[in-house]
Structure formats: C-alpha cells, structure tokens
Amino acid sequence: MPKLSAGVLLYRVRDGVVDVLIAHPGGPFWARRDDGVWSVPKGEYPDGEDPWAAAQREFAEEVGLPLPAGPPVDLGRARQPGGKVVSVFAVHGDLDVTDARSNTFELEWPKGSGRLLGVPEVDRVAWFTVAQARTKLLRGQREFLDRLMARPALAGLQEGT
C-alpha cells in the first residue's frame, strides 16, 4: 500500500493573475535548493482518514496559520515519483504569511553523527504566480496547477510571469 498524503493549494486572484501559496521544505538538506523543491502544504495520513480533514490539519501544521474559510475543490490525486499518492484540495482565499511558522521535527545531522537538530518541517511559505510555481514546485505536483487553472471559475485568468 503506498503512503498517502493530502494538502491544500490555497489560491488568490490579484489583477486577473492567479497566485498560489506553496512551501519550502526545512532542514539542512534543502537549505540551498530552490527551484523544483517547493511543495503544496501537505502531509501523510493513515488509510481510512478523510483526506480533506488531513489536508486541513497538515496545512495548519506546516503553515502555522489557520486555513481561510472557503469551500474545498477536490483537484484529485497524483502518484509522486517516489510512489506516494497525494490528494490536493484547492481553496480560494488570501492569507498574510508574515507570521507563518511550521511545526518542527528532530533530524540527525550530519547523518550518522548522533547529533539531533530540531528543524522546521517547512522553513518558509510564499505566494507565487502559477507561472512561477511551475518552476518552484516538485515535478510530481505541477499537474495540480494545471487542474486548478482548468477550473471554469478561473477561465480567462492569467498564470502570471
């Protein structure tokens, strides 16, 4: 059985351009990497748990702020290159991420050293246009941008530059 993960792709519209909120992974391995490593705020959940409930919980944990109220739009599932199956829900809303703070976890670093570091699961979140997010996001999650932009409610809006 593959691991399951669920997340929220929060989006807003400004001057006819769609922006999305995405997260950069925390920890020393990711510190100097940027393009192609950002993610939809998401996390794993056990088989049998409601993916929408998991997505809301994981958004709050990784962003450290409550998800703006709004109806979820199911963008479906996608199997990631590593085999994990990710479910993503889009929510229209705006959020000031100035005070965003992720939960933390312990990581042995350097590997094999026995030294444990407390590191944030996400070291920053940021708004990007859909066009910018296509470069920033993990390859396996970019299809969620296509699914978002294919929604009739966003017809005629721009992806930005």
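This is a predicted model: local features need pLDDT of at least 70, side-chain atom pairs count only at pLDDT 80 or more; totals for chains, interfaces and linings use all residues.
Me: Why are β4 and β5 called paired strands?
Reply: Pairing requires at least two bridges between two strands. Strand β4 (residues 73–79) and strand β5 (residues 85–92) are joined over 5 bridges, in the antiparallel sense, and therefore they count as paired. Within this arrangement, Asp74 stands opposite Phe89 in β5.

Me: Why is Asp19 called buried?
Reply: Asp19 has a relative accessible area of 9%. The limit for buried is under 20%, so Asp19 belongs to that class. Asp19 is found in strand β2. Leaving aside residues up to four places away in sequence, Asp19 touches Leu10, Tyr11, Arg12, Arg14, Trp127, Phe128 and Thr129.

Me: How do you know that Arg12 and Asp19 form a salt bridge?
Reply: The side chains of Arg12 and Asp19 meet at 3.0 Å, N to O. The cut-off is within 4 Å, and therefore the pair qualifies. Arg12 is buried, and so is Asp19. By this rule the count comes to 13 salt bridges.

Me: Why is Arg147 called partly exposed?
Reply: Arg147 has a relative accessible area of 28%. Buried means under 20% and exposed means over 50%, so Arg147 falls in between and is partly exposed. Glu143, with 32%, is partly exposed as well.

Me: Which residues do salt bridges that share partners join into one network?
Reply: The network consists of Asp34, Asp35, Asp123, Arg124 and Lys136. Within it, Arg124 forms a salt bridge with Asp123, with the closest N and O atoms 3.3 Å apart. Arg124 is partly exposed at 35% relative accessible area, and Asp123 is partly exposed at 33%.

Me: What is known of the largest pocket and its lining?
Reply: About 560 Å³ of space lies in the largest pocket. Of its 23 lining residues, the closest to the centre are Pro25, Trp30, Ser39, Lys42 and Leu138. The lining divides into 10 nonpolar, 8 polar and 5 charged residues.

Technical notes. Residues are numbered from 1 along each chain as its sequence is written. Side-chain values use heavy atoms; hydrogens and water are left out. Helices (H or I, at least four residues) and strands (E, at least two) are DSSP runs, numbered from the N terminus. On a 1 Å grid over the protein atoms alone, a cavity is a set of points where a 1.4 Å probe fits but cannot get out, and a pocket is an open set with protein on both sides within 12 Å along at least five of seven lines; lining residues have an atom within 4 Å of a point. Grid points are joined across faces, edges and corners, and a volume is the space filled by probe spheres set on the points. Ala, Val, Leu, Ile, Met, Phe, Trp, Tyr, Cys and Pro count as nonpolar, Asp, Glu, Lys and Arg as charged, and the others, Gly among them, as polar. Buried means under 20% relative accessible area, exposed over 50%, partly exposed in between (1.4 Å probe, protein chains only). Contact means heavy atoms within 4.5 Å.
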